[in-house]
Amino acid sequence: MAGLIPQGFIDDLLGRIDIVEVVGSRLKLKKTGKNYSALCPFHNEKSPSFSVSPDKQFYYCFGCGAGGSALSFVMDFDRLDFPQAVEELARQAGVEVPHEERSDGRKSSRTPRKDNPLYALLEQAAAYYRQQLRQHPARQRAVSYLKGRGLSGQIAKLYDIGMAPPGWDNLMSHLSRDTTEQNALIEAGLVVENPDSGGRYDRFRDRIMFPIRDSRGRTIGFGGRVLGDEKPKYLNSPETSVFHKGQELYGLYEAKQQNRQLNEILVVEGYMDVIALAQHGVTNAVATLGTATSEEHLKRLFRLVQNVIFCFDGDRAGRQAAWRALNSALPVLEDGRHVRFLFLPDGQDPDTMVRQEGADAFRRRLEREAQPLTDYLFRHLAEESGADSLEGKAHMASLALPLIEQVPGGMLRRLLRQSLQQQTGIDLDTVEPAVMPAVGQPAAPQERPTHDEDIPFGAWEDWSERAEPDAEYYMPEGMDSAPPSGNSGRAFTPRKGERQEQRGRKDFGGSKKPPRREMNSPLLQAVKTLLHHPHLAAHAQQANQMADEDEDEARLLVALVEAAQKQPGLTTIELLARWHGTAMGEQLNRLAEQEWLLTSPGVNLEQQFFDTINSLAAQQNERRLQHLLDKSVNEPLSAEEKQQLRDLLSTRNARKNDG
């Protein structure tokens with residue numbers, strides 16, 4: 001979330017900051033009623049659809065759906081990471097950002113402070129490499145190589161290209177005077193120590209050097225390319241406290257500097273691809289740092305743009321890299337996000353292709369030949385499964401369904417299922433998940449438990465009757481494998497550590513498929529209502545009475561209730577800030593944006609909220625009731641448990657009578 005920045009400080013900072021001032025210092029706002037409007041900075045438009053609410057301290061664009069707090073606006077507009085955006089707002093507010101220490105008294109290496117000494121050391125190394133490219137006696141070999149690749153001095157300056165000269169200790173001799181400074185160079189990944197001899201030497205020698213920059217333009221590592229045929233051809237800095245390969249993208253800082261409004265980002269495989277494309281005017285390319293494209297990479301890119309294109313060689317290695325990238329993209333493919341794949345002819349890469357055909361032709365190739373992720377997904381699976389036969393179609397469906405279920409975008413996931421159904425001819429609504437046991441003939445009815453004679457009479461009658469429809473149906477071991485006729489409800493689902501029982505799923509239409517919450521479900525509607533009316537939590541049951549909820553949406557609601565009850569007076573923005581930077585925070589932000597839709601006439605949002613809370617409490621009672629009944633089968637209940645069982649039965653019966 002906020003790393004080492006205390007949550008209390010973030011809450012206080014958001015209370016000090018006025019979103020109108022923050023946005024107004026970056027956009028031209030116009031007063032429209034009680035709100036302010038402007039042209040949206042996150043997409044191209046001719047008429048204003050961007051609105052800022054001083055009451056809610058919230059912004060929202062009706063055109064592209066962007067929305068959030070002053071903190072998220074600074075992150076998106078200034079293209080800063082979360083800690084950097086906090087620092088920027090704190091600077092505007094004239095306050096210092098405090099940082100907590102870990103329990104062992106050390107600073108976290110995963111969230112480096114602004115004054116981490118490695119930054120200065122790495123900047124000195126970058127300056128040294130630049131100087132060597134200009135002045136070293138052996139520079140001509142490197143200069144000839146760069147010119148041979150078609151690079152100009154201007155593009156070399158833009159990307160800070162340098163040279164590590166031949167020799168074992170040039171950088172170490174230049175930047176260190178004693179063992180302590182050598183240790184710092186080792187920590188920065190610039191010097192290597194031989195574990196056997198203890199000898200120390202420069203990591204990068206006789207290589208073209210490419211500085212790797214973070215989102216603020218600070219050098220955090222290097223990539224080096226050999227000038228001859230030595231191996232490895234490319235060498236990257238190791239992981240350090242400021243450099244994490246699985247999160248960083250080469251050229252992303254430069255792409256943001258060259259494009260005030262990025263619409264899409266092109267992901268290529270190498271440093272030279274990025275630089276050659278920029279040389280020819282294609283300035284929106286980035287590259288991973290010797291690793292496969294990760295989910296973290298995609299999350300970072302989708303914070304900036306909604307369109308990502310992967311450009312790979314058409315050979316086997318390129319297609320393997322593309323398939324790995326597709327698998328990383330699926331879990332972050334929200335509705336509205338687009339991923340495409342371009343495969344170049346064999347023997348070509350973006351560097352050679354753009355030099356051969358020019359930037360305009362390369363852009364046309366991207367438009368004509370880049371295939372959507374969905375097309376590539378089905379084409380790849382069809383080839384792999386041999387989908388021209390019935391067996392192949394079944395195999396294709398078995399491969400595709402688990403991948404489709406990873407897609408968080410509800411509309412896209414639905415369209416993918418429809419497309420798969422059309423291509424295979426399989427009615428997917430009738431397909432049972434692979435983990436579901438086969439449904440057989442009903443087993444003989446299980447006798448009522450006789451272990452504990454004090455169990456209240458009627459406790460086992462109608463055990464499966466539940467109030468919530470369209471949800472998971474639970475079948476105790478030994479009872480009928482199909483739900484009783486007319487029951488569309490849900491019974492107790494055991495939590496981790498309790499007996500694992502046979503399960504099945506059923507919806508209103510009788511098809512066996514896992515139910516998914518839609519964005520207008522009562523639970524999510526209650527979350528949206530509570531986000532914008534946190535005071536309602538004070539009138540709800542205590543959150544700990546609902547703390548064992550299994551469903552993600554229910555846990556989300558319980559977490560909000562708990563936070564608002566523990567600290568009365570929290571605002572919407574303070575609630576959002578508590579989970580900023582987490583998966584839960586992203587979901588809360590999306591729900592909070594829909595506050596603009598909570599204005600339907602005749603809808604009593606508060607009553608809906610309390611109805612949902614009461615429903616959760618009723619489900620909890622049913623879970624506890626069924627747990628006690630299950631326990632009574634195997635062992636006697638204590639006096640306290642028997643009383644609890646009587647109370648729960650009384651509550652359930654009263655609810656039935658009221659209904």
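This is a predicted model: local features need pLDDT of at least 70, side-chain atom pairs count only at pLDDT 80 or more; totals for chains, interfaces and linings use all residues.
Biologist: OK, then which elements do the buried residues of H14 pack against?
Modeller: Helix H14 covers residues 350-369. Its buried residues include Pro350, Met353, Val354, Phe362 and Leu366. The buried set packs against strand E12 (264-268), helix H11 (271-279), strand E14 (307-313) and strand E15 (338-344).

Biologist: What does H14 span between its end C-alpha atoms?
Modeller: With 20 residues at 1.5 Å a residue, a straight helix would span 28 Å. H14 has a kink of about 115°. Between its end C-alpha atoms, H14 spans only 14 Å.

Biologist: Let's move to the open sheet; which strands stand at the edges?
Modeller: Five strands make up this sheet, with antiparallel pairing, in the order E1-E2-E3-E4-E5. An edge strand here has a single partner, so one of its sides has no neighbour in the sheet. That puts at the edges E1 (30-32) and E5 (67-68).

Biologist: What angle does the direction of H3 make with that of E4?
Modeller: H3, residues 70-78, packs on the sheet and touches E3, E4 and E5. Its direction and that of E4 make an angle of about 50°.

Biologist: Which residue in E4 is the bridge partner of Val52?
Modeller: Val52 sits in E3 and is the bridge partner of Tyr36; E2 and E3 are joined by three bridges. Over on E4, which pairs with E3 through four bridges, Phe50 has Cys61 opposite. For Val52, the partner in E4 is Tyr59.

Biologist: Are the residues on the two faces of E3 buried or exposed?
Modeller: Phe50 and Val52 are on one side, with Ser51 and Ser53 on the other. Both faces are covered, and all four of these residues are buried.

Biologist: Which residue in the hairpin of E3 and E4 takes a positive phi?
Modeller: Four residues lie between the two strands, which pair in the antiparallel sense. The positive phi, near 55°, belongs to Gln57.

Biologist: Last one: how does Asn183 count, buried, exposed or partly exposed?
Modeller: Asn183 lies in helix H9, residues 179-187. Buried needs under 20% and exposed needs over 50%. Since its relative accessibility is 37%, Asn183 counts as partly exposed.

Definitions and conventions. Residues are numbered from 1 along each chain as its sequence is written. Side-chain values use heavy atoms; hydrogens and water are left out. Two strands pair if DSSP finds at least two bridges between them. Contact means heavy atoms within 4.5 Å. Axes are lines fitted to C-alpha atoms, for helices over the stretch in contact, and angles run from 0 to 180 degrees between N-to-C directions. The expected span of a helix is 1.5 Å times one less than its number of residues. The bend at a residue is the angle between axes fitted to the seven residues ending there and the seven starting there. Buried means under 20% relative accessible area, exposed over 50%, partly exposed in between (1.4 Å probe, protein chains only).
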